[in-house]
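Try each task before you read its solution.

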Amino acid sequence: MTIWQDDHTPNLTAAMDRLRTDPAYAPYIVTWRELPALAAHHAPWPAGLDPCLADALAQTGIDRLYTHQAQAVTAALAGQSVVVVTPTASGKTLCYNLPVLHALLDDPAARALYLFPTKALAQDQRHGLEHLIAALGAKLPVATYDGDTPAGARPRIRDTARVLITNPDMLHLGILPHHTRWSRFLRGLRYVVVDEVHAYRGIFGSHVANVLRRLRRVTDFYGSRPTFVCCSATIANPAEHAQRLTGRPVICVDDDGAPRGPRHVALYNPPMVDYDLGIRRNLTAEARRITRALVGNDVQTVIFCRSRLGVEVLLRLLRRDLPEGAARGYRAGYLPAERRAIEAALRDGTARAVAATTALELGVDIGSLGAAILAGYPGTIASTWQQVGRAGRGTDPALAVLIAGPGPLDQYLAAHPDALFGRSPEHALIDPHNLVVLTNHLRCATFELPFIEGETLGDFAPTGDVLAYLAAAGELHRSADAYHWARDAYPAADVSLRTSTADHFAIVAEDEADGQRTVIGQLDRPSVPMLLHPGAIYLHEGTAYRVTDLDWDGGIARVAPAGDDDVYTKSSGSSEVRPVGDVTESIVDGGATHAHGPVLVRTWGTSYRLLRLTTNEVLGRGEIDLPDVELMTTAYWLTLTPEAVQALGDAGVWLGEPVRDYGPNWPQQKERARRRDGFQCRHCGLPERPDRRHDVHHIRPFRTFGYLPGENEHYRAANRQENLVTLCASCHRRAEMGVTERSSLAGLSTLLANLAPLYLMCSPGDLGVSAEAVPAGLRLPTIFIYDQAPGGVGYSAALFDRRRELLAAAQDLVADCPCERGCPACVGPVLDGDVQAHNTKADTVRLVDVLVSDRSD
């Protein structure tokens, strides 16, 4: 069916009126904010800038510069590195193109290097630069150098390109290790442009910071000292971040002079379909409905989805609603020609709706859209405002609708919109001195140029200790006062900028017809027990492969087609966190001791389920038997004080402590249950092994019966045969994990883990969380939030500093959630049987109240 014959007036005003008045939408709009239009602010043409550039800009319709453009150009012409922090579509491109073109016109030997995080953005910026060069009437060759560049074209690019457009990976792998071939380019390098610097954070940003230090070291060797021009979305620490990234002092330009039309931003929370379980209407279905309302009023709309799969699912639905060609998709994995065609269709208006990932969030030119729908919180406030800014470019009015997902962070923002509109954006965090990352780049840097005794890599002073370690390991050779690379292979090939470890498993698929083996992917070793265990389903390009064999020592996972692409596996595991060494910082605040410092994280897989992709039907189960994985990293943790534990115990709040005494009849009742069940697991049917007896599990948790040794006999009811079930070790671990997850400590850990990214500008996968009732070394209930990268990248210190904000947000979220006993939007889902057990939500509320009480200000 088509909706093209909608009766509503085809304009944005009519579409907004419909959303605000139609009972199908209006009750679920929790906030509607109008951001007023802003007038343009211009500045005089920068002194000293080549007048030919003003003439060329006039041909493109630009006769004046905005204030931020003039400030950035003036600083760059003076040789000062700069970071420009203004919203989407504010003209940041001219902040670097103008000084670069001025240098190229002034000096035939001058060169410029442009770094972009995505190929799509690089191609788009290349076209804009070449358009301006054409208006100049100058011959200034611009070239793209990335993994798609043909080998035959690369020598010509090295010899002739005045502006080289590439990405950090290619700089790391293809340019710096072969810098002698690039000597002419590097000798004349005047400017390095780093666009979208807010994208370089966490472990990726820490790697890129070291790549840029290696670049500066090589340019120093060739006698050039390039100026850095960085551009960023709005973040809380742009100057600090750009300086840590480039290793150079920078000037921050954030006085936005670009005009902006009126912008309406709505927060939409899908209707609740089950209040007890906290289940809301499907996010994709709501995005589809709102898209229909907007496009039905002839409002061109972009819908940002949180995954590639989400894009494809929504696109399939929209194509049922809209005329042929009116709905398009845009994500990584599309061929370049496809992306260019989609961008053109958006600019000329042929495409009325586009479902996209963050690939379209960055500054690709897609014309002026009327509305942006965010299908779920994008993960950071900076990304949220970038996606909002994709609609209404220039002075056009625009609408953005953020649809809250079911998770705690989305629901927190829906209930507390000022966290989005009123608070400072997140800090971008990197740690260029992360020892694992730094050591890898010292290997790469020594391959590129020998290290002289006392030389540093950027601002890292103790380089000598690491070089001496590498020399002792035989990787470097010391001769006189210099260290030289001592191996044949070049180290950059083994260093991924997206992970902190070079230890990866190769995923090898064997062709059933001819037996040919092909490497189809790789995965870092710490992730293998959960994702590549024997029996796991590995999804690649839409095809499901089953792991048939795992060579742990050799680092190879062999896979074969599963024969059914509608299946996947979901793994369960456990972790143990232990502080090691000296605590970096510690303070007693409220009902807990808060600390951060180095920790050892030990994780292991326990079991997995094979599920149907479309229905989540459980098709099978299995155990995971692989070595434990250890991670040395950093963590923030809070440990309840003895007084807090006592107060909570007196109030009947369960923190997850294990039961120590099951009553005097437990041995007899346990043996009766095993015999009754035929010494088989009642869940999966696995018979007992001679060397390992099965466990006996309480269906209703033993603790809920209130047994007190010497005071009552409640153990009798708890240990009745109808409350006992025989389970194998794997099924028992899953069952006990389900019980433990209903403790108040686990409920709070769920809240904190989901809210922490709001303060860190990271994705949930960058953090791990562990709630332990009796952790090793601390002996009191503790919640750890740890960095998933070896050595950490600064998240733990940031959480320690913002612990009060984090706990306050958790307190607000759990108190405001409309569910009764707990749900996925707060402390986690309520499982069957929980009604007769403790109320996890109420217990978590009491726990947070104790933690925030009696604080010393």
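**Exercise 1: a charged pair**

Arg214 is buried, with a relative accessible area of 0%; buried means under 20%, exposed over 50%, and partly exposed in between (1.4 Å probe, protein chains only). This is a predicted model, where local features need pLDDT of at least 70, side-chain atom pairs count only at pLDDT 80 or more, and totals for chains, interfaces and linings use all residues. Residues are numbered from 1 along each chain as its sequence is written, and side-chain values use heavy atoms, with hydrogens and water left out.

Task: find which residue forms a salt bridge with Arg214.

Solution. 
- Recall the rule: a side-chain nitrogen of Lys or Arg lies within 4 Å of a carboxyl oxygen of Asp or Glu.
- The partner is Glu448, with the closest N and O atoms 2.5 Å apart.
- Helices are DSSP runs (H or I, at least four residues), numbered from the N terminus.
- Check burial: Glu448 has 7% relative accessibility and counts as buried.

**Exercise 2: a second pair**

Solution. 
- Start with the link: the two side chains of Arg288 and Asp321 meet in a salt bridge (2.8 Å, N to O).
- Arg288 sits in helix 11 (residues 283-295) and Asp321 in helix 12 (residues 308-321), 33 residues apart.

Methods: Helices (H or I, at least four residues) and strands (E, at least two) are DSSP runs, numbered from the N terminus.
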